[in-house]
Amino acid sequence: MKLKKTIITTLLLGTSLFASPAFASETTDTVKNTQEALTDIQKQIQENKKT
(Lines give C-alpha, C1' and ligand atoms only; values in the text may rest on other atoms or scores of the structure.)
Protein backbone atom coordinates (compact mmCIF):
# COMPACT_ATOMS: atom_id res chain seq x y z
CA MET A 1 0.00 0.00 0.00
CA LYS A 2 2.86 2.38 0.80
CA LEU A 3 4.38 1.74 -2.63
CA LYS A 4 1.07 2.67 -4.27
CA LYS A 5 0.91 5.92 -2.28
CA THR A 6 4.51 6.74 -3.20
CA ILE A 7 3.84 6.15 -6.89
CA ILE A 8 0.71 8.32 -6.83
CA THR A 9 2.54 11.09 -4.98
CA THR A 10 5.40 10.95 -7.47
CA LEU A 11 3.03 11.16 -10.41
CA LEU A 12 1.24 14.11 -8.86
CA LEU A 13 4.56 15.89 -8.28
CA GLY A 14 5.56 15.24 -11.87
CA THR A 15 2.23 16.50 -13.16
CA SER A 16 2.38 19.65 -11.05
CA LEU A 17 5.69 20.45 -12.68
CA PHE A 18 3.85 21.07 -15.95
CA ALA A 19 0.58 22.37 -14.50
CA SER A 20 1.86 25.71 -13.23
CA PRO A 21 4.72 28.03 -14.05
CA ALA A 22 7.54 27.93 -11.53
CA PHE A 23 10.84 29.65 -10.93
CA ALA A 24 13.92 27.74 -12.06
CA SER A 25 14.98 26.93 -8.49
CA GLU A 26 11.51 25.57 -7.62
CA THR A 27 11.53 23.45 -10.76
CA THR A 28 14.99 22.15 -9.93
CA ASP A 29 13.86 21.23 -6.41
CA THR A 30 10.76 19.50 -7.77
CA VAL A 31 12.82 17.50 -10.26
CA LYS A 32 15.29 16.50 -7.54
CA ASN A 33 12.48 15.42 -5.20
CA THR A 34 10.80 13.47 -7.99
CA GLN A 35 14.07 11.72 -8.85
CA GLU A 36 14.60 10.81 -5.20
CA ALA A 37 11.06 9.44 -4.96
CA LEU A 38 11.60 7.37 -8.11
CA THR A 39 14.85 6.01 -6.70
CA ASP A 40 13.00 4.98 -3.54
CA ILE A 41 10.32 3.27 -5.62
CA GLN A 42 12.96 1.42 -7.63
CA LYS A 43 14.59 0.20 -4.40
CA GLN A 44 11.22 -1.00 -3.10
CA ILE A 45 10.56 -2.84 -6.36
CA GLN A 46 13.95 -4.58 -6.15
CA GLU A 47 13.29 -5.57 -2.53
CA ASN A 48 9.87 -6.95 -3.49
CA LYS A 49 11.41 -9.01 -6.29
CA LYS A 50 13.75 -10.67 -3.78
CA THR A 51 10.84 -12.03 -1.74
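A residue counts as buried when its relative accessible area is under 20%, and as exposed when that value is over 50%. These cut-offs apply below to two residues of a predicted model.

**Overall picture**

The protein chain has 51 residues, of which 10% are buried. Its secondary structure consists of 2 helices and 0 strands.

Helix α1 spans residues 2–19 and includes K2. Helix α2 covers residues 24–50, and A37 lies within it.

A37 has a relative accessible area of 16% and is therefore buried, since the limit for that class is under 20%. K2, by contrast, has a relative accessibility of 63%, so it counts as exposed; the threshold for that class is over 50%.

The table gives the separation along the chain and the distance between C-alpha atoms.

| Pair | Separation in sequence | C-alpha distance |
|---|---|---|
| A37 and T6 | 31 residues | 7.3 Å |
| K2 and I41 | 39 residues | 9.9 Å |

Thus the buried residue A37 has its C-alpha atom 7.3 Å from that of T6, while the exposed residue K2 is 9.9 Å from I41, C-alpha to C-alpha.

Definitions and conventions
Residues are numbered from 1 along each chain as its sequence is written. This is a predicted model: local features need pLDDT of at least 70, side-chain atom pairs count only at pLDDT 80 or more; totals for chains, interfaces and linings use all residues. Side-chain values use heavy atoms; hydrogens and water are left out. Helices (H or I, at least four residues) and strands (E, at least two) are DSSP runs, numbered from the N terminus. Buried means under 20% relative accessible area, exposed over 50%, partly exposed in between (1.4 Å probe, protein chains only).
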